[in-house]
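Please look at the sequence and the structure shown below, and keep both at hand while reading this report. The sections that follow go from the sheet to the helices and then to single residues.

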Amino acid sequence: MSSSHCFQNPPKLNSGIHVAGTVQELGGLGSYVTGSFDSKLALILVSDVFGYEAPNLRKLADKVAASGFLVVVPDLLYGDYADLFNPQFDRDSWRKAHEKGKAWEDTQPLIADLKRKGIKSIGAAGFCWGGGVVIKLAISSDIQAAVILHPGPISDDEINEVKIPIAILGAEVDHLFPAERLKQVEEKLSSRSEVESFVKLFPGVTHGWTIRYNDDDEATVKSAKEAHQDMLNWFIKHVK
C-alpha cells in the first residue's frame, strides 16, 4: 500500500450520523451489526485503513441490510485506524502492524460464530485495505461470493487462486490500482471459466470513492451509489 490514495480524504468519525445497527461482539471482534439474524444470509464488509466507524461505511451497511441481509462490519484494525492528524503516525509501521494475512485469520472466528447463529451463506466486500483481506477469503472456501472495491495490491497468484464468484470495482484515477492493472485482472479472471467474475471501471472518480465521498459532490455520490448497487446485485445473485 505505497500509494497516498489509501490515506486521502479521511472520514469524520464523530459526525453523529444516525445509523440503524448496533455494536456487538461476534467471534471476538467488536462489530457494527445491522439487519436480522433471521435472514440466514450474511455479508461481511471489511473497512479501509480508516476503520469500521466510518459513517459512510455504516450507512452502506444499513442500506444493504434493508435488502434482507445481516450485515457485519468487523473492527479488524482493533481501533488502531490510520490517523493522518497525528504527527507521530508512521504509515510503514502501521502497515506492518496490520498485515492482511493476520486480518484474514481473525475473520475465521467471526465466520464460525455466524454459522453457529444459523447463517447459511456468507458474502464479503472489502474496500482498499479490506480488499486484501477479502481476496484471501475468496481463495478459501469460507464464503460464497466476494466484492472488492477500489482494491489495494492484488497479486496474479491471488487472482489465479480465487475459488468463488468475485466482482472487482475500480476507479479511473487510482495510483494504487490503476486502470491498466484492472484490465489485466479482468483478462485473467475472464480466462478462468470455472470462476464467475465481474470487473468494472468507474470513470471520473478516485480511489476510495465508494465510502469516502463528500455529500456535496453529486457526481461522485451518483457513482458511489452505482457501485453500491453493483455490489448488492452481485450478492443477491450469489449469496442465497
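## The sheet as a whole

Two strands are said to pair if DSSP finds at least two bridges between them, and the elements themselves are DSSP runs numbered from the N terminus, with helices being H or I runs of at least four residues and strands being E runs of at least two. This is a predicted model, in which local features need pLDDT of at least 70 and side-chain atom pairs count only at pLDDT 80 or more, whereas totals for chains, interfaces and linings use all residues. Residues are numbered from 1 along each chain as its sequence is written, and side-chain values use heavy atoms, with hydrogens and water left out.

With these terms in place, the model shows an open sheet of 8 strands with mixed pairing, in the order β1-β2-β4-β3-β5-β6-β7-β8. The strands β1 (22-26) and β8 stand at the edges and have a single partner strand each, so one side of each is left without a neighbour in the sheet. From one strand to the next, the twist averages 25 degrees, where axes are lines fitted to C-alpha atoms (for helices over the stretch in contact) and angles run from 0 to 180 degrees between N-to-C directions.

## Strand β4 and its neighbours

Strands of a sheet pair through backbone hydrogen bonds, and they do this either parallel or antiparallel. Strand β4 pairs with strand β2 (residues 29-34) in the antiparallel sense over 4 bridges, and Pro74 of β4 is the bridge partner of Ser31. With strand β3 (residues 41-46), β4 pairs in the parallel sense over 3 bridges, and here Leu70 of β4 is the bridge partner of Ala42.

Is β4 buried or exposed? A residue counts as buried under 20% relative accessible area, as exposed over 50%, and as partly exposed in between, using a 1.4 Å probe and protein chains only. In strand β4 (residues 70-74), 5 of the 5 residues are buried, so the strand is largely enclosed by the rest of the structure. Both of its faces are covered, with Leu70, Val72 and Pro74 buried on one side and Val71 and Val73 buried on the other.

Together, β3, helix α1 (residues 55-65) and β4 make a right-handed β-α-β unit; a crossover is called right-handed if, with the strands pointing away from the viewer, the path from the first strand over the helix to the second runs clockwise. Helix α1 is mostly covered, since 9 of its 11 residues are buried, among them Leu57, Leu60 and Val64.

Two packed helices are described by the angle between their axes and the distance between the axes. The axes of α1 and helix α8 (residues 218-238) come within 11 Å and cross at roughly 45 degrees. That makes α1 oblique to α8, because angles under 35 degrees count as roughly parallel, over 145 as roughly antiparallel, 65 to 115 as roughly perpendicular and the rest as oblique. Leu60, Lys63 and Val64 in α1 meet Lys225, His228, Met231 and Leu232 in α8, contact being defined as heavy atoms within 4.5 Å. Helix α8 also lies across β3, β5 (121-127), β6, β7 and β8, and it runs at about 170 degrees to β8.

## The side of the sheet with β6, β7 and β8

Strand β6 (residues 145-149) and β7 run parallel and are joined by 4 bridges, with Leu149 standing opposite Leu169 in β7. Strand β7 (residues 166-173) in turn pairs with strand β8 (residues 197-206) in the parallel sense over 7 bridges. Between these two strands the chain crosses from β7 through helix α6 (residues 179-190) to β8, and this β-α-β crossover is right-handed.

## Some single residues

Which residues does Asn56 touch, not counting residues up to four places away in sequence? Asn56 has its place in helix α1 and is buried, with a relative accessible area of 13%; on that count, Asn56 touches Ile211, Arg212 and Tyr213. His238, in helix α8, is likewise buried, with a relative accessible area of 14%, and apart from residues up to four places away in sequence it touches Gln144, Ala145, Pro165 and Glu196.
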